[in-house]
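I opened this notebook to record what I looked up in one structure, entry by entry.

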Amino acid sequence: MLYIAFIKNRPGFDTDIIAKSRKWWNEGAKPAGLKTIGFYGPLSSDTPDVLVFESSNHNDIRTMIEYWRGVSFEIYPAVDMAQVFRAQGMEVS
């Protein structure tokens, strides 16, 4: 299933984000069942970052939330609207 997560660092989050990210992305801390579709951050804004991912296992999502304790998540089921429009004959590019 596709999900959208809005992400913000919690106040006082002082963990070494580079080392933690490297462990997550490069060293296998991220569960194999989570597939990252996109990860976007706004420029010059306090708007949350957006993570788009797929998961068929709620335990993998729980693992992500527990691993990134210094981060606040709002996670919602999602649908790829461009794909829906394309299926209706729209030329979404």
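**Entry 1: a salt bridge**

I looked up Asp-46 and Lys-8 and found that their side chains meet in a salt bridge, at 3.5 Å from N to O. The model is a predicted one, and I keep that in mind for every entry. I then asked how many salt bridges the structure holds. The count is one.

Next I placed the two partners. Asp-46 lies in the loop between β2 and β3 (49-54), while Lys-8 belongs to strand β1 (residues 2-9), so the bridge ties together parts that are 38 residues apart in sequence.

I went on to Asp-60, which lies in helix α2. Side chains of opposite charge can pair when their charged atoms come close. Which side chain of opposite charge is nearest to Asp-60? It is Lys-30, at 8.5 Å. Asp-60 has no salt bridge, because that distance is 8.5 Å and a salt bridge needs the nitrogen within 4 Å of the oxygen. I noted as well that Asp-60 is buried.

I then listed what Asp-60 touches, leaving aside neighbours within four places in sequence. The contacts are Pro-31, Gly-33, Leu-34 and Ser-55.

**Entry 2: the strands**

I turned to the strands and asked in which sense β1 and β3 pair. They are antiparallel, with six bridges. β2 and β3 also pair in the antiparallel sense, over five bridges.

Val-50 in β3 was worth a separate note. Phe-6 has Val-50 as its bridge partner, and Tyr-40 stands opposite Val-50 too.

**Entry 3: aromatic pairs**

I counted the aromatic pairs and found six in the structure. I looked at Trp-24 and Tyr-67 in detail: the ring centres are 4.9 Å apart and the planes meet at 35 degrees, so this pair is tilted. Trp-24 is in helix α1 (residues 17-25) and Tyr-67 in helix α2 (residues 58-67), so I wrote the pair down as a link between distant parts of the chain, 43 residues apart.

I checked both for burial. Trp-24 has a relative accessible area of 3% and is buried. Tyr-67 counts as buried as well, at 17% relative accessibility.

The second pair I looked up was Trp-25 with Phe-39. Their ring centres lie 6.5 Å apart with the planes at 40 degrees, so this pair is tilted too. It links distant parts of the chain, with Trp-25 in helix α1 and Phe-39 in strand β2 (residues 35-40), 14 residues apart. Trp-25 is partly exposed at 38% relative accessibility, and Phe-39 is partly exposed at 45%.

**Entry 4: a ring cluster and a lysine**

Which residues do ring pairs link into a cluster? They are Trp-24, Tyr-67 and Trp-68.

I closed with Lys-20. Lys-20 lies over the face of Tyr-67, at 4.2 Å from the ring centre. The charged end of Lys-20 also sits over the ring of Trp-68, 5.9 Å from its centre.

Conventions: Residues are numbered from 1 along each chain as its sequence is written. This is a predicted model: local features need pLDDT of at least 70, side-chain atom pairs count only at pLDDT 80 or more; totals for chains, interfaces and linings use all residues. Side-chain values use heavy atoms; hydrogens and water are left out. Rings of Phe, Tyr and Trp (its six-membered ring) pair if their centres lie within 6.5 Å; planes under 30 degrees apart count as stacked, over 60 as edge-to-face and the rest as tilted. Helices (H or I, at least four residues) and strands (E, at least two) are DSSP runs, numbered from the N terminus. Buried means under 20% relative accessible area, exposed over 50%, partly exposed in between (1.4 Å probe, protein chains only). A charge sits over a ring if NZ of Lys or CZ of Arg is within 6 Å of the ring centre and within 35 degrees of the ring normal. Lys and Arg count as positive and Asp and Glu as negative; His and the chain ends are not counted. Contact means heavy atoms within 4.5 Å. Two strands pair if DSSP finds at least two bridges between them.
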